[in-house]
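Hi,

Here is the structure I promised to pass on to you. Please open it and keep it beside this email while you read.

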Amino acid sequence: AKSNYLSRRFNAVEHRRTFADKSLFNARFTAHLGREHLDLRTCSPVELTAFLERHPRVVAKVADSLGGDGIEVYTSTEIGDPEGFRAERLAGRQILLEQFLTQHPEMMRLNPSSVNTLRIVTFLDVAGAVRVLARVLRMGNGGDVDNFKAGGMYTLLDEHGVAHHPAIDGEDRVFAAHPLSGTPIVGFAVPNWPAVEALVDVIAREVPEIRYVGWDLAVTPEGA
């Protein structure tokens, strides 16, 4: 409720759709995404085939979904008919196809089956300074995604990207170490943290009319 209140108060109505629709968001933030993406509604057959050839794994997404709903991961070599694949995805409203990111090996230690991500909540104040309100580490628990609704878990991070508390899942179970990998959660330090902070400071200024945002970030070997 508090998050919704802040969004309504500080985020301009005419710009909210850019953040609610993943296809619009990808188009606006392409320079910062760090991954390739396709709109299955408009890409040519040649573009789709080339995309699948470049990326061993791809992620199909529903543009306006929340909580990981409508996200599926595919192995490109198992897609024998790209146009049939496109038709099936569009029938399920999965209009986006994205490159599956290779996460940093340290992040993979938490749960190798999903990309384990960060949720960084920022507020752009009237002076133009980016204030970080929350830093969250999210982990999958055997599935393809790390979302809370899909069985994932989360814990909070300090200003240096270090977890000092156990993680909690959707059933209120508490984990000091990951139940599948055994990797300790308490004391876990997110790699490439300076790159995470630098990226957040840039993207939080991209649409100044949207001042309160929760950013979902992946940490790769190259940065964030």
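Below are some notes on its aromatic rings and its nonpolar cores.

First, some ground rules: this is a predicted model, in which local features need pLDDT of at least 70 and side-chain atom pairs count only at pLDDT 80 or more, while totals for chains, interfaces and linings use all residues. Residues are numbered from 1 along each chain as its sequence is written, and side-chain values use heavy atoms, with hydrogens and water left out.

Let's start with the rings. Rings of Phe, Tyr and Trp (its six-membered ring) pair if their centres lie within 6.5 Å; planes under 30 degrees apart count as stacked, over 60 as edge-to-face and the rest as tilted. That rule gives 8 aromatic pairs. One of them is the edge-to-face pair of Phe-29 and Trp-215, with 5.7 Å centre to centre and 70 degrees between the planes. Its partners are 186 residues apart: Phe-29 is in the loop between α3 and α4, and Trp-215 is in strand β10. (Helices, H or I with at least four residues, and strands, E with at least two, are DSSP runs numbered from the N terminus.) Phe-29 is buried at 2% relative accessibility, and Trp-215 is buried at 3%. Here buried means under 20% relative accessible area, exposed over 50%, and partly exposed in between (1.4 Å probe, protein chains only).

Another edge-to-face pair is Tyr-74 with Phe-85, at 5.1 Å centre to centre and 85 degrees between the planes. Tyr-74 lies in strand β3 and Phe-85 in helix α6, so this pair ties together parts 11 residues apart in sequence. Tyr-74 counts as buried at 17%, and Phe-85 is buried at 5%.

Ring pairs also link Phe-19, Phe-25, Phe-29 and Trp-215 into a cluster.

Now for the cores. A nonpolar core is a set of buried Ala, Val, Leu, Ile, Met, Phe, Trp, Tyr and Cys residues joined through side-chain atoms within 4.5 Å. Which residues have the most contacts inside the largest core? They are Leu-118, Leu-137, Val-190, Trp-215 and Leu-217, in a core of 31 residues. The elements giving two or more residues to this core are β5, β6, α8 and β10, and α8 provides the largest share, 5 residues. A second, separate core has 12 residues, among them Leu-48, Phe-51, Ala-60 and Ile-79.

Happy exploring!
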